[in-house]
Every structure is written in structure tokens, then in C-alpha cells.
Amino acid sequence: MCKYLVVILLTFQGEVILERYGFQRPVEVNECMDIGNDHREQIASYNSKKNTWILNDGRGTFQGFICE
């Protein structure tokens with residue numbers, strides 16, 4: 001069971017940002033993975049030429065997420 005989704009971002013200035021989101025109820029790992037993938041698609045766009053997810057607000061890149 002997971003209580004948090006931790007999103008890992010990397011700014012173009014080289015700063016690593018961890019954004020932690022709590023769930024209102026514990027969720028299964030597969031549900032957390034789905035939520036993480038949905039969140040990535042909401043905040044970033046895939047750049048196939050650079051093979052990376054660029055944040056829509058222009059801060060940097062989406063590096064991944066952790067379900068904990």
C-alpha cells in the first residue's frame with residue numbers, strides 16, 4: 001500500500017526537486033503507478049527528439065516518480 005507519490009523533477013539550472021503528494025487513502029502500488037503516469041502527462045510533454053519529458057511550465061524535465 002502506498003501513502004504518497006513523490007515526483008522527481010530536474011530544473012534546467014541543475015536543481016533536483018522532489019514534490020510529495022499524499023493520498024487521502026492508501027492505494028495499491030499499481031494504482032499509484034497509474035496516478036504517477038497520469039500526473040506526468042498532465043505536467044509535462046514528451047519530446048521525442050530529446051527523448052525526455054519537458055515540464056509544461058518550462059522549469060526543466062520530469063525524471064520520474066516514487067510510490068511510497
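Modeller: Let's start with a term: a contact means heavy atoms within 4.5 Å. In this predicted model, 50% of the contacts between residues at least 6 apart in sequence join residues at least 24 apart.

Biologist: Now the charges, please. How many positive and negative side chains are there, and how far apart do the centres of the two sets lie?

Modeller: There are 7 positive and 9 negative side chains, with the two centres 5 Å apart. Side chains of opposite charge can pair when their charged atoms come close. Here the count comes to five salt bridges.

Biologist: Which side chain does Arg 59 meet in a salt bridge?

Modeller: Its partner is Glu 19, at 3.4 Å from N to O. Arg 59 sits in the loop between strands S4 and S5, while Glu 19 belongs to strand S2, 40 residues apart.

Biologist: Are Arg 59 and Glu 19 buried or exposed?

Modeller: Arg 59 is partly exposed, at 33% relative accessible area. Glu 19, at 19%, is buried, because buried means under 20%.

Biologist: What does the salt bridge between Glu 68 and Arg 20 tie together?

Modeller: These side chains meet at 3.1 Å, N to O. Glu 68 lies in the segment after S5 and Arg 20 in strand S2, so the pair ties together parts 48 residues apart in sequence. Glu 68 is partly exposed at 40%, whereas Arg 20 is exposed at 52%.

How values were computed
Residues are numbered from 1 along each chain as its sequence is written. This is a predicted model: local features need pLDDT of at least 70, side-chain atom pairs count only at pLDDT 80 or more; totals for chains, interfaces and linings use all residues. Side-chain values use heavy atoms; hydrogens and water are left out. Lys and Arg count as positive and Asp and Glu as negative; His and the chain ends are not counted. The place of a charge is taken as NZ of Lys, CZ of Arg, CG of Asp or CD of Glu. A salt bridge is a side-chain nitrogen of Lys or Arg within 4 Å of a carboxyl oxygen of Asp or Glu. Helices (H or I, at least four residues) and strands (E, at least two) are DSSP runs, numbered from the N terminus. Buried means under 20% relative accessible area, exposed over 50%, partly exposed in between (1.4 Å probe, protein chains only).
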